[in-house]
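Take a walk through one protein chain. Keep the sequence and the 3D view side by side as you read.

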Amino acid sequence: MMQPSQTDVRRYFCATYAKWRASQPLDAMETLIAGWMDEHPEYHADFADVDAAIASMHKPDVAGSTNPFLHLSMHLTISEQCSIDQPRGIRQAVELLAARRGDLHDAHHAVMDCLGRMLWESQRAGRPPDGQSYLDCVQRKATQN
């Protein structure tokens with residue numbers, strides 16, 4: 001299993017952004033990444049400057065700001081989970097949520113709340129992530145009025 005460093009991920013995202021903007025051929029993962037980048041023009045400047053992206057890793061987060069690299073990574077995580085339906089049922093829950101909201105991007109943002117909560121609770125308790133609680137959270141969002 002590959003475990004890239006935070007620097008590796010930022011370099012990869014920035015390189016993908018540069019290829020996408022230059023209309024160069026993209027592989028399957030780069031195509032997925034570029035699709036989510038296209039949904040977030042507010043982050044394009046962050047992806048355009050690899051040196052600034054690396055330097056910003058060591059700066060404290062500003063209250064109310066979003067880390068564009070984490071945000072994009074969460075989109076990719078949810079996309080991958082749906083593609084392999086892991087945890088089992090996540091694909092259906094996300095599809096239902098997207099249908100109810102009329103927008104996959106908006107659905108992903110709702111799922112991110114559940115994913116972030118699961119990861120935070122896992123780290124806080126010092127135990128593995130609870131896929132079932134995550135799935136339950138997404139299913140609640142998909143079925144609530």
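Helices here are DSSP runs of H or I with at least four residues, strands are runs of E with at least two, and both are numbered from the N terminus. The model is predicted, so local features need pLDDT of at least 70, side-chain atom pairs count only at pLDDT 80 or more, and totals for chains, interfaces and linings use all residues. Residues are numbered from 1 along each chain as its sequence is written, and side-chain values use heavy atoms, with hydrogens and water left out.

Start in a loop. Ser23 sits between helix 1 and helix 2. Its phi is near 55°, a positive value in a residue other than glycine. Is Ser23 buried or exposed? Buried means under 20% relative accessible area, exposed means over 50%, and partly exposed lies in between, with a 1.4 Å probe and protein chains only. Ser23 has a relative accessible area of 67%, so it is exposed.

Now go to the loop between helix 5 and helix 6, where Asp85 is found. Asp85 also has a positive phi, near 50°, in a residue other than glycine. Its relative accessible area is 13%, so Asp85 is buried. The loop between helix 5 and helix 6 (90-101) also holds Pro87. A cis peptide bond joins Gln86 to Pro87, with omega at about 0°.

Next come the aromatic rings. A pair of aromatic rings is described by the distance of the centres and the angle of the planes. Rings of Phe, Tyr and Trp (its six-membered ring) pair if their centres lie within 6.5 Å; planes under 30 degrees apart count as stacked, over 60 as edge-to-face, and the rest as tilted. How many aromatic pairs does a search of the whole structure find? The search finds 6.

One of them joins Phe13 and Phe47. Their centres are 6.5 Å apart, the planes make an angle of 90°, and the pair is edge-to-face. This pair links distant parts of the chain: Phe13 is in helix 1, Phe47 is in helix 3 (residues 44-48), and 34 residues separate them. Both Phe13 and Phe47 are buried. For Phe13, the relative accessibility is 4%. Phe13 and Asp46 are 33 residues apart in sequence, and their C-alpha atoms are 9.8 Å apart in space.

Tyr17 and Trp20 form another edge-to-face pair, with 5.8 Å between centres and 65° between planes. Why are they separated by about one helical turn? Tyr17 and Trp20 are 3 residues apart in helix 1, so about one turn lies between them. Tyr17 and Trp20 are both buried. Arg21 lies over the face of Trp20, at 5.3 Å from the ring centre. A charge sits over a ring if NZ of Lys or CZ of Arg is within 6 Å of the ring centre and within 35 degrees of the ring normal. Step back to see the cluster: ring pairs link Phe13, Tyr17, Trp20, Tyr43, Phe47 and Phe69.

Turn to the cysteines. A disulfide is a covalent bond between the sulfur atoms of two cysteines. Here, a pair of cysteine sulfur atoms within 2.5 Å counts as one. The structure holds 1 disulfide. Cys114 and Cys137 form it, with their sulfur atoms 2.1 Å apart. The torsion about their S-S bond is about -70°, so the disulfide is left-handed. Cys114 lies in helix 7 and Cys137 in helix 8 (residues 131-143), so the bond ties together parts that are 23 residues apart in sequence. Cys114 and Cys137 are both buried. Cys82 is in no disulfide; the nearest cysteine sulfur, that of Cys114, is 12 Å away. Cys82 is buried too, at 13% relative accessibility.

End at the largest pocket, with a volume of about 650 Å³. A pocket is an open set of points on a 1 Å grid over the protein atoms alone, where a 1.4 Å probe fits and protein lies on both sides within 12 Å along at least five of seven lines; lining residues have an atom within 4 Å of a point. Grid points are joined across faces, edges and corners, and the volume is the space filled by probe spheres set on them. Of the 21 lining residues, Pro4, Val9, Ser73, Met74 and Thr77 are the closest to the centre. Which element gives the largest share of the lining? Helix 5 does, with 8 residues.
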